[in-house]
Amino acid sequence: DLRVETINVAYRQSRRLTEFAARLVSGGEVTADPSLPEHIENEGVAPVFAGNLADVPSLAQWLSQRIREIEVFTRQLPSIAVLVNHANMLEPLAEALSRALADMNIRAVACPKGQAIGPENDVRIFEVEHIKGLEFEAVFFVDVDKLAEGEPDLFNKYIYVGATRAATYLGLTSSGASLPRALQSASELMTEDWETSVR
């Protein structure tokens, strides 16, 4: 007496991020229109993407600009996570991002092995393999092209889990100019910055 039922109600993400995650799962074809629970309106903003961010200073500068946009929108900095591919990126990116955000009194902290250390208003940097079960208002997924090259068998899993950690704001970067092939189906849902996506 078992039967299959389709569930298409998103429990925590904005509508735009729910649609983005659905594209990732379906390979570009959305078979069901995801919806929010009744009495909840949360359109959200489009995910953002930037290419050619191959060095830590450039990456930290782009991240700091997007974080400034989030603070303008929310008026109080929400929980933010940055996902990196390898542990050796944690400290260098945390130091560079802390410098880029110093005038805002925002600190970036490295969180090895998924340890969510530090105050709530710190920007936390995690290895992508250690973020399952964590939730943030904003998530930045850096060097997705390198992840696709280095972990081709796990890439789809990592990108889906990473994308669904964000409730409202999602940003992705590549070291090269474009997104990996696996993300091309969702590229039309993305924009360059959040100032553009809300105009």
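1. In this predicted model, the side chains of Glu-43 and Arg-16 meet in a salt bridge at 3.5 Å, N to O; the term denotes a side-chain nitrogen of Lys or Arg within 4 Å of a carboxyl oxygen of Asp or Glu. Glu-43 lies in the loop between helix H1 (15-26) and strand E1 (48-50) and Arg-16 in helix H1, so the pair ties together parts that are 27 residues apart in sequence. Helices (H or I, at least four residues) and strands (E, at least two) are DSSP runs, numbered from the N terminus. Glu-43 is partly exposed at 38% relative accessibility, as is Arg-16 at 26% (buried is under 20% relative accessible area, exposed over 50%, partly exposed in between; 1.4 Å probe, protein chains only).

2. Arg-15, Arg-16, Glu-19 and Glu-43 are linked in a network of salt bridges. The count by this rule is seven salt bridges.

3. Glu-188 forms a salt bridge with Arg-23, with the closest N and O atoms 3.4 Å apart. Because Glu-188 lies in the loop between E6 and H6 and Arg-23 in helix H1, this pair ties together parts that are 165 residues apart in sequence. Glu-188 is exposed, at 62%, whereas Arg-23 is buried, at 11%.

4. Arg-66 and Glu-69 meet through their side chains in a salt bridge of 2.9 Å, N to O. These residues are three apart in helix H2 (residues 56-74), a separation of about one helical turn. Arg-66 is buried at 7% relative accessibility, and Glu-69 is buried at 6%.

5. The second largest pocket has a volume of about 200 Å³. A pocket is an open set of points on a 1 Å grid over the protein atoms alone where a 1.4 Å probe fits, with protein on both sides within 12 Å along at least five of seven lines; lining residues have an atom within 4 Å of a point. Helix H4 (residues 144-150) gives the most to this lining, with three residues. The lining divides into four nonpolar, three polar and five charged residues; its members include Asn-85, His-86, Asp-143, Lys-146 and Tyr-158.

6. Gly-176 lies in the loop between strand E6 (166-173) and helix H6 (194-197) and is partly exposed, at 25%. Gly-176 touches Gly-51, Asn-52 and Asp-145, not counting residues up to four places away in sequence (contact: heavy atoms within 4.5 Å). Gly-176 and Lys-146 are 8.7 Å apart, C-alpha to C-alpha, and 30 residues apart in sequence.

7. Local features need pLDDT of at least 70 and side-chain atom pairs count only at pLDDT 80 or more, while totals for chains, interfaces and linings use all residues. Residues are numbered from 1 along each chain as its sequence is written, and side-chain values use heavy atoms, leaving out hydrogens and water.

Conventions: Grid points are joined across faces, edges and corners, and a volume is the space filled by probe spheres set on the points. Ala, Val, Leu, Ile, Met, Phe, Trp, Tyr, Cys and Pro count as nonpolar, Asp, Glu, Lys and Arg as charged, and the others, Gly among them, as polar.
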